[in-house]
Structures are given as structure tokens and as C-alpha cells.
Amino acid sequence: MDVAIVATPRFPIAQPFAGGLEAHTHILASALARRGHAVTVYAAGGDGNFHVEHMLPLDFAPSAIARRDVAAPPATAISEHHAYLDVVMRLSTAAHDVVHLNSVHYLPFSSAGLVPAPVVGTLHCPPTPWLESALAIAATRRRPPTLVSVSRSNADSWGPGLVSEVIHNGIDLDAWTPGPGGGGAVWSGRIVPEKAPHLAIDAARAAGLPIVLLGPVYDEAYFAAEVAPRLGPDARHLGHVSCAVAAEIVGAACVALVTPVWDEPFGLVVAEALACGTPVVAFRRGALAELVGPEVGRLVDPGDVAALARALAEVDDIDRDRCRQVAEQNFGSDVMAARYESCFERTIDRFGSTAAA
């Protein structure tokens with residue numbers, strides 16, 4: 001198949017990944033290419049065994065007169081819309097067999113019927129007003145996108161009947177390899193309020209475990225108010241590190257903490273930790289109940305830091321080899337790619353690879 005993947009104009013699809021969506025795109029594109037497909041990724045840039053079509057840079061600026069419109073959205077939103085509009089126009093004359101929307105922007109979803117190839121879209125987030133609007137429009141067209149969700153929990157948030165299939169995100173099992181454990185705790189992800197790394201620090205400290213935080217700071221105000229004051233000899237933030245460095249640190253940890261205070265649509269850090277043989281202790285939010293069972297970790301009530309601290313003492317006997325096995329069975333990149341491959345094939349069979357708009 002000739003597969004196009006629409007990603008983001010904000011961040012390149014390359015290490016160190018800006019976030020889970022960029023990592024997911026790279027892993028899926030790489031796995032599909034290894035399986036013999038021609039893969040083109042529309043993104044801000046990237047590197048890998050796939051072709052990259054560069055999206056327009058986020059530098060479009062409306063005129064001074066246009067900016068007088070009191071209802072105008074922020075400049076970044078206008079520029080992002082401009083970049084996606086260009087991609088939609090390019091796809092309208094491209095000769096791909098299938099187009100995969102791996103973005104949370106509404107415009108490619110609403111324009112699916114304008115693209116000659118059938119479209120599969122992955123829902124990576126709960127409903128937003130703009131995306132709900134886009135899908136409502138797309139559903140009225142003769143060839144609406146086939147919708148996939150990254151978890152059952154996220155699919156349910158969109159309501160019954162919308163999502164055709166749940167495909168859990170996958171990771172590169174050759175990059176996230178088993179480690180010895182035996183160290184302290186680790187937390188990884190974007191430093192933002194909804195992921196609440198400050199609660200991970202509190203729980204680890206209450207349990208008497210040192211903790212290392214990995215990930216870029218996306219919210220400077222939150223970091224300054226909640227995270228930085230908690231740092232010290234037993235709680236360090238190492239910043240945005242490469243996959244290789246992160247895998248080494250996660251594999252050396254005795255436990256990975258995952259502390260969302262929102263309904264996490266998936267939780268790629270869970271798959272990464274398990275692949276390293278590291279058990280997971282997490283809040284029971286969103287998709288985490290689908291990913292963390294008693295054989296590989298513990299779940300506690302959302303926001304209960306005391307319970308989180310107690311659970312850290314309950315995972316010492318968890319078999320690290322079993323954690324790795326669960327990751328291999330459920331979260332390997334080839335497992336994910338095979339499921340997307342089948343989904344693409346069914347969509348092409350349904351609509352035809354050159355169906356008219």
C-alpha cells in the first residue's frame with residue numbers, strides 16, 4: 001500500500017520526541033515501512049525509513065487589517081489552520097492508497113471527503129468542540145473517515161457507534177529493552193498540570209523512594225509553582241532526554257509512577273515502562289485501567305497520593321520478565337502496525353483506493 005500519514009506542523013517526527021503523538025507517528029510509520037509499504041508522513045520534518053512531506057511552517061501572519069477582527073483566534077491557531085489547509089489541498093491531488101489522520105486538528109477530518117483516497121482517522125483525545133463539528137460534517141459525506149480510537153475508554157467518551165475499532169498504541173521494543181531495576185522511582189512525560197508530576201514526587205517522598213522526572217517543560221508557570229519547589233536530592237528533573245537515555249533510566253527504576261489528573265486517552269509511558277520490565281503504579285484514570293493489571297502494577301483512586309505511596313511498596317514482588325511479556329504481547333510496534341494494516345485494507349476494500357470525492 002501507499003500510505004500517507006498526516007501528523008503535525010508543530011514538531012518534527014524525530015527524537016527526542018516532543019510528545020506521545022509524535023512518538024506514535026514515528027513508530028507506526030517506521031513499522032509500516034518495515035512491512036513493505038510506501039509511507040509518506042506530512043509533518044514539520046522528521047527522519048526514518050519513510051518519506052517526509054514538509055508541512056508549511058507556522059509562520060503565516062494575517063494582515064494588520066485582518067487582525068482587527070475582534071473574533072480572530074490566536075496567531076498560532078491561524079498559522080496552524082493555514083498549514084493544515086495546505087495539506088488538505090495537496091492530498092486532494094495526491095495518489096495515495098489510504099490517508100491516515102494522526103493529528104488532533106479538525107480540518108483534515110472535516111475534509112476527508114475531498115481526498116481521493118479513503119481516510120482512516122485516529123482519535124487520540126476526548127471530544128473537543130471543533131473535532132466534534134468536523135466529524136459531524138464528515139459523517140454526512142458519501143465517504144466518511146473510518147475512525148479508530150487509541151483506547152476503549154477514549155472511544156466511549158465519543159459516544160456509541162462512532163469508533164470502528166480500538167487499536168492500542170505501540171512502541172519500539174528494540175529501543176525500550178529490559179533493565180535491571182533496583183533503583184528508585186521514575187516519572188516520564190510532558191511537564192503539564194494534567195499529568196501532575198508534582199503528585200508523583202509527593203508519593204515517592206512519602207514512600208521513602210528517590211524519584212527522577214523525565215520530560216520537557218510545557219507549562220513554565222506550573223513547573224515553577226508546583227514542581228521546582230519540590231525538587232531536591234531525592235527528586236530530580238533531568239529534562240528532555242533521548243529515547244536511549246530514557247530507556248536506560250526507566251529500566252534501572254524499581255517502579256514507574258503515572259499520575260494523570262485527567263482521563264488519559266492512552267498512556268504511552270505505561271507501555272514503555274513495562275517493556276523495560278518496570279512495574280507501574282498509577283491513578284485509575286481514563287485508559288490506564290486497560291493497560292495496568294495486577295500482574296504488572298497497581299492502580300489507586302484518582303488523586304489519592306497516600307494510596308499511591310502505599311502501592312509503591314506492593315510492587316516489589318512483581319516479575320519484571322512478566323512486565324516485558326505483557327508489553328510484547330500488547331504494545332509492540334508490529335502488533336499495532338498489523339492492526340492498522342488490516343484496518344487500512346478493510347477501508348480500501350470498502351471504498352476503493354481511488355474512490356471519487
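Is A196 buried or exposed? A196 is buried, with a relative accessible area of 0%; buried means under 20% relative accessible area, exposed over 50%, and partly exposed in between, with a 1.4 Å probe and protein chains only. Select A196 in the loop between β8 (185-188) and α6. Helices (H or I, at least four residues) and strands (E, at least two) are DSSP runs, numbered from the N terminus. The phi angle of A196 is near 50 degrees, a positive value in a residue other than glycine.

Before continuing, note that this is a predicted model, in which local features need pLDDT of at least 70 and side-chain atom pairs count only at pLDDT 80 or more, while totals for chains, interfaces and linings use all residues. Residues are numbered from 1 along each chain as its sequence is written, and side-chain values use heavy atoms, with hydrogens and water left out.

Select strand β2, residues 38-43. Of its 6 residues, 5 are buried, so β2 is largely enclosed by the rest of the structure.

T40 stands opposite H51 in β3.

Now select P16, in the loop between β1 and α1. The peptide bond from Q15 to P16 is cis, with omega near -10 degrees.

**Helix α7 and its surroundings**

Select helix α7, residues 220-227, where Y222, F223 and V227 are buried. Seen down the axis of α7, these buried residues fall within an arc of 100 degrees, so they line one face of the helix; the arc is that of the directions from the helix axis to the C-beta atoms. An α-helix has 3.6 residues a turn, so residues three or four places apart point the same way. On the other side of α7, E220, A221 and A225 are exposed. The cover over the buried residues of α7 includes α6 (197-206), β9 (211-214) and β10 (235-237).

At the N-terminal end of α7, select D219, which caps the helix: a side-chain oxygen lies 3.2 Å from the backbone nitrogen of A221.

Move on to D234, in the loop between α7 and β10. At 27% relative accessibility, D234 counts as partly exposed. Which residues does D234 contact, leaving aside its neighbours within four places in sequence? They are R205, L209, P210 and I211, where contact means heavy atoms within 4.5 Å. The side chain of D234 makes a polar contact with the side chain of R205 (2.8 Å). A polar contact is a pair of N or O atoms within 3.5 Å; within protein, one must be able to donate a hydrogen and the other to accept it, and residues adjacent in sequence count only if both atoms are side-chain atoms.

**The cysteines**

Finally, select C276, which is buried at 0% relative accessibility.

Technical notes. Two strands pair if DSSP finds at least two bridges between them.
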